[in-house]
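Please read them beside the model.

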Amino acid sequence: MKTTILAITAGALLLIPATASARQDGAAVTSAAATPAGIPLDSPWRRAVYQQAHDSFLHPGWGWRHSERNYVLGMALARTEGLTVDPDVLFAAAFLHDWGGIAPFASPGVDHAVRSVELAEPFLTEAGFPMEKFPAVRAAILGHMYDREPDGPEAVVLHDADALDFLGGLGAARLLAATGDRPDYDQALGRIERFAIDIPPRLKTPAAREMAVPRVARMTEFLAAVRRETPEGTRP
């Protein structure tokens with residue numbers, strides 16, 4: 001049996017055939033020089049982080065593909081804004097920032113970013129990450145949500161990349177997919193509508209604010225289309 005992995009490059013969507021064998025997939029990831037999106041896997045610790053994300057972060061909204069997009073977009077924002085970021089810090093933070101929100105790793109009553117830091121520190125130590133850089137990783141993970149204040153250049157670009165991934169057609173798809181154990185269609189539509197309003201003013205970089213404009217327009221049109229196609233009396 002074969003499945004398909006959806007990967008995002010800087011300018012296109014790629015459908016990458018993948019075998020159903022986790023062992024074969026894992027071997028391919030471990031030996032790869034880069035991800036299908038062109039993200040370098042040029043050190044043992046990077047391969048270990050990517051392996052962990054690829055194998056274990058399978059949530060439809062917060063999984064490894066979201067992490068890939070955050071890294072690619074974060075690096076692009078840094079280039080556009082002329083910000084000096086450490087790619088190692090951004091890689092580690094982008095791939096591990098939602099770890100603590102994904103079952104079975106989440107801890108009840110613990111903020112998912114705090115839990116992600118708790119999980120990331122020993123993992124990165126064991127993987128051989130240069131731990132003198134971990135304070136910046138911690139700051140980026142703790143500041144990644146759109147309603148937080150990021151501290152440091154890696155935190156700023158991860159914050160904006162993560163927020164942008166909640167917007168547009170992709171953001172709408174994520175929010176509809178990530179409805180949890182008790183799916184609620186009306187709640188998901190309400191979150192899409194709220195995020196289109198709440199997120200853009202919280203973006204920190206001019207480049208992200210510019211990118212948000214067409215994404216918000218697509219979300220607004222999506223919601224309008226849903227309402228147009230929903231019969232009177234059955235609308236959310």
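1. Buried means under 20% relative accessible area, exposed over 50%, and partly exposed in between (1.4 Å probe, protein chains only). Lys 133, at 22% relative accessibility, therefore counts as partly exposed. Asp 88 counts as buried, at 18%.

2. This is a predicted model: local features need pLDDT of at least 70, side-chain atom pairs count only at pLDDT 80 or more, and totals for chains, interfaces and linings use all residues. Residues are numbered from 1 along each chain as its sequence is written, and side-chain values use heavy atoms, with hydrogens and water left out.

3. Helices here are DSSP runs (H or I, at least four residues), numbered from the N terminus. Nine of the 10 residues of helix H4 (residues 87-96) are buried, so H4 is largely enclosed by the rest of the structure. Among the buried ones are Phe 91 and Phe 95.

4. A salt bridge is a side-chain nitrogen of Lys or Arg within 4 Å of a carboxyl oxygen of Asp or Glu. Lys 133 forms one with Asp 86, the closest N and O atoms being 3.0 Å apart. Lys 133 lies in the loop between H5 and H6 and Asp 86 in the loop between H3 and H4, so the pair ties together parts that are 47 residues apart in sequence. Lys 133 also forms a salt bridge with Asp 88, at 2.9 Å. Asp 42, Arg 46, Asp 86, Asp 88 and Lys 133 are linked in a network of salt bridges.

5. The peptide bond from Ala 103 to Pro 104 is cis, with omega near 5 degrees. Pro 104 sits in the loop between H4 and H5.

Notes. Helices (H or I, at least four residues) and strands (E, at least two) are DSSP runs, numbered from the N terminus.
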